[in-house]
Amino acid sequence: MLEQAQERLQRTHEPDVMVDVNLSTLELRLPPGYGPLSDCRMRVYLDSTLRGQFHLVGHPANDSSLIYSNAILINQLI
């Protein structure tokens with residue numbers, strides 16, 4: 001789905017796209033002090049060389065604060 005999002009951005013020139021994540025199938029290890037997430041999505045965008053990157057965006061179940069991960073190149077996963 002991340003590759004499809006990257007291809008969509010290269011085709012449409014949108015700034016970014018959010019990809020839904022199924023928390024029941026995602027193996028996610030949060031830092032100490034963070035409980036489970038109430039929701040999670042991947043924000044996919046293109047860098048200056050038009051390579052796709054993504055980072056996780058979510059909200060902890062115990063409050064409405066926003067957490068996100070460092071960016072990762074989609075090509076690193078292939």
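**Notebook: a strand and its neighbours**

I began with β3 and strand β5 (residues 72-73), which pair in the antiparallel sense over two bridges. Helices (H or I, at least four residues) and strands (E, at least two) are DSSP runs, numbered from the N terminus. I then looked up Gln-53 and found that its bridge partner in β5 is Leu-73.

I noted where this comes from: it is a predicted model, where local features need pLDDT of at least 70, side-chain atom pairs count only at pLDDT 80 or more, and totals for chains, interfaces and linings use all residues. Residues are numbered from 1 along each chain as its sequence is written, and side-chain values use heavy atoms, with hydrogens and water left out.

Next I turned to strand β2 (residues 37-46), which pairs with β3 in the antiparallel sense over nine bridges. Here Cys-40 has Gly-58 of β3 as its bridge partner. Five residues lie between the strands of this hairpin, and Leu-50 takes a positive phi near 65° there.

Gly-58 came up again, with Ile-67 as its bridge partner in β4. I saw that β3 and β4 also pair in the antiparallel sense, over two bridges, and that a hairpin of six residues joins them.

Is β3 enclosed or open? I found it largely enclosed by the rest of the structure, because eight of its nine residues are buried (under 20% relative accessible area; exposed is over 50%, partly exposed in between, with a 1.4 Å probe and protein chains only).

Last, I visited Asn-62, in the loop between β3 (52-60) and β4 (67-68). Asn-62 counts as exposed, because its relative accessibility is 64%.

Conventions:
Pairing = 2+ DSSP bridges.
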